[in-house]
Amino acid sequence: MAFRPEHFEFLLKFLRRKGRSQEDAEDLIQEAMLRLHVYAQAAPVANREAFLRHAVHNLSIDQYRRERLDLRKEVAIDDLNERTPLIASESAPEDTIEAQQRLDSIQALLDAVSLRTREIYFAHRAGYSYAEIAEQMDISHITIKRHIARALLTIMEHGGADEDGIATRATE
């Protein structure tokens, strides 16, 4: 078993609670103990535990700041665009028009259902979760599910829908 200096376990737990990995925490503790040793040669240290705790805290902050500087590096826009395209290459004007036409046909179909069902369906399609919609409209989660199901059933009966609930062309 490796020798563990005094206060090591306390400092390790302290740094782990701050989100440091086991290896980083051990490195920071070692650096703090080295600083304590150097400092103790020049002047007496009254409270070694407090010195070490303060040192590892400051070293942890310094390491975090150094890591953040790496995140601020400039990246050429072309390099960024290669990794994650800023403009979807497959999106054509025809696709946008077709999507708008499908949305219009869904809206026309949903005119037959209640206003609340229509609002809930479009809120869900806009990306809101069931919980967010339920909280905003002050209704239960199961009620949201029922409204969504009612809207999807109406869409599928009259015009068909794909797996996402988006209307597709009716097959005749």
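**Confidence, core and pocket in the predicted model**

Averaged over the chain, pLDDT is 79, and 76% of the residues reach at least 70. Then there is the stretch of residues 167-172, where pLDDT stays under 50 and the model has 13 contacts beyond four places in sequence. Where pLDDT is low, the predicted coordinates are not to be read in detail.

Next comes the packing. The largest nonpolar core holds 15 residues, and those touching the most other members are Leu15, Ile29, Ala32, Leu52 and Val56. At least two core residues come from each of α1 (8-17), α2 and α3, with α2 giving the largest share, six residues. Apart from this core lies another one, made of eight residues, including Ile133, Met137, Ile139 and Ile144.

Leaving aside residues up to four places away in sequence, Leu52 touches Glu6, His7, Leu11, Ala32, Met33 and Leu36. Leu52 also turns up in the lining of the largest pocket, along with Pro5, Glu6, His7, Met33, Leu36, His37, Ala40 and Arg48. Two elements, α2 (22-42) and α3 (48-71), each give two or more residues to that lining, and α2 gives the most, with four. By type, the lining splits into five nonpolar, two polar and two charged residues. The space inside this largest pocket comes to about 150 Å³.

How values were computed: Residues numbered from 1 in each chain as written. Predicted model: local features only at pLDDT ≥ 70, side-chain atom pairs only at ≥ 80, totals over all residues. Heavy atoms only, no water. 1 Å grid on protein atoms, 1.4 Å probe; cavity = no way out; pocket = protein on both sides within 12 Å on 5 of 7 lines; lining within 4 Å. Points joined across faces, edges and corners; volume = space filled by probe spheres on them. Nonpolar A, V, L, I, M, F, W, Y, C, P; charged D, E, K, R; others polar. pLDDT = per-residue confidence, 0-100. Contact = heavy atoms within 4.5 Å. Core = buried A, V, L, I, M, F, W, Y, C linked by side-chain atoms within 4.5 Å. Buried < 20%, exposed > 50% of the residue type's maximum accessible area, 1.4 Å probe, protein only.
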